[in-house]
Amino acid sequence: MTLRGPPDDRSPAELLAFGVVNLDKPPGPSSHQVSGWIRDAVDEKLSTLEGTEPIDRAAHAGTLDPKVTGCLPVMLGDATRLAQVFLEGEKEYVAVLECHGRVPSDAESIVAEFEGPIYQKPPRKSAVSRRLRVRTIHDLDVLERDERRLLLRIRCESGTYVRKLCHDLGLAMGTGGHMGALRRTMTEPFDDTDLHTATEFLDALAFWLEDDDPEPLYDVVDPAERILENLARVTIAESAAHEVANGAPVYAPGVLDVGSDASHGDLVACFTPAGAAVCLGELVGSREADSGVVVDLERVLV
């Protein structure tokens, strides 16, 4: 098993085989359709290169309804194994709350009451079980207001239904209300400061394959290691990485360093000394241990 080299030294084909695009989803298509288009485009282009394996997988980081726009990281190839990481992170949205009457004078204080843990039941059209559950609203701010509308910024736990939140806010204000426009501005650790459109991605592919210019592709596609920025980091020896590739856990003798932010039971990411991601796992042993398992495998990435 050959380990990946440093993230910044990968060829365009290697980047596409373990990469992520911070996509600006347009209104209209579903998240699944968008990731499918990206997958098919990469697969078609790579199939024209002799000696290059095509990419038959792509996955998005959190569903957006067809009308919703914004931050939709799309994982390519082996990067799809990192989808669970996005379940740990926060999301941020900008939403228009359409009130069914005049916005009350104390709207800001009413909105502030929804910060913290809230109860939500998924809507009837959702793909998950409609059981009452708790989701945390970390920040909820009124950015602008007019007679019948509020512009809100919502920073929340993954899995929060913004449409349901807007409905509940309307009830609390005594006017009733529903969600109007919605845009996702962050899917941790990605945000809207470096979004790329699907057209920019396709153009970058064409520049590489038709003009032998890979620079636009390097601008649009990030090494998949970017997805792991917010996870605690464990550095392991290359010999240990080869063992992990064959299904072994991470044993103490192979551990070179454990990040100071890592705690027992955390989901951690293991890297080679060159910075290539090797696996995800649970930290089960001590950083000072001389023997035994330190990281229990959850997902092998090589």
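Guide: A residue is called buried when its relative accessible area is under 20%, exposed when over 50%, and partly exposed in between. Please note that this is a predicted model.

Visitor: Then what about Glu90, buried or exposed?
Guide: Glu90 has a relative accessibility of 19%, so this residue counts as buried.

Visitor: Which side chain does Glu90 meet in a salt bridge?
Guide: That of Arg155, with an N to O distance of 2.7 Å.

Visitor: How many salt bridges does the count come to?
Guide: The count comes to 17 salt bridges. Among them is the pair Arg4 and Asp78, whose closest N and O atoms are 3.0 Å apart. This pair links distant parts of the chain, 74 residues apart: Arg4 is in the segment before α1 (12–17), and Asp78 is in the loop between β3 (69–77) and β4 (90–99). Both Arg4 and Asp78 are buried.

Visitor: And what does Asp222 pair with?
Guide: The side chain of Asp222 forms a salt bridge with that of Arg226, at 2.8 Å from N to O. Arg226 counts as buried, since its relative accessibility is 16%.

Visitor: Changing topic: at what angle do α2 and α5 pack?
Guide: Helix α2 (residues 31–46) packs with helix α5 (residues 198–211) at about 5 degrees, and their axes are 11 Å apart. That angle makes α2 roughly parallel to α5.

Visitor: Which residues meet there?
Guide: From α2 there are Ile38, Ala41, Val42, Lys45 and Leu46; from α5, Phe201, Leu202, Leu205, Trp208, Leu209 and Glu210. The residues of this contact comprise nine nonpolar, two charged and no polar.

Visitor: Now the sheet, please. What is the order of its six strands?
Guide: The open sheet runs β12-β16-β15-β14-β11-β13, with mixed pairing. The edges are β12 (250–251) and β13 (255–258); each has a single partner strand, so one side of each lacks a neighbour in the sheet.

Visitor: How do β11 and β13 pair?
Guide: Strand β11 (residues 232–236) pairs with β13 in the antiparallel sense, over three bridges. Ile236 stands opposite Val255 in β13.

Visitor: Which helix lies across β11?
Guide: Helix α7 (residues 238–245), running at about 105 degrees to β11. Helix α7 also lies across β12, β15 (277–283) and β16 (293–300).

How values were computed: Residues are numbered from 1 along each chain as its sequence is written. This is a predicted model: local features need pLDDT of at least 70, side-chain atom pairs count only at pLDDT 80 or more; totals for chains, interfaces and linings use all residues. Side-chain values use heavy atoms; hydrogens and water are left out. Axes are lines fitted to C-alpha atoms, for helices over the stretch in contact, and angles run from 0 to 180 degrees between N-to-C directions. Helices (H or I, at least four residues) and strands (E, at least two) are DSSP runs, numbered from the N terminus. Angles under 35 degrees count as roughly parallel, over 145 as roughly antiparallel, 65 to 115 as roughly perpendicular and the rest as oblique. Contact means heavy atoms within 4.5 Å. Ala, Val, Leu, Ile, Met, Phe, Trp, Tyr, Cys and Pro count as nonpolar, Asp, Glu, Lys and Arg as charged, and the others, Gly among them, as polar. A salt bridge is a side-chain nitrogen of Lys or Arg within 4 Å of a carboxyl oxygen of Asp or Glu. Buried means under 20% relative accessible area, exposed over 50%, partly exposed in between (1.4 Å probe, protein chains only). Two strands pair if DSSP finds at least two bridges between them.
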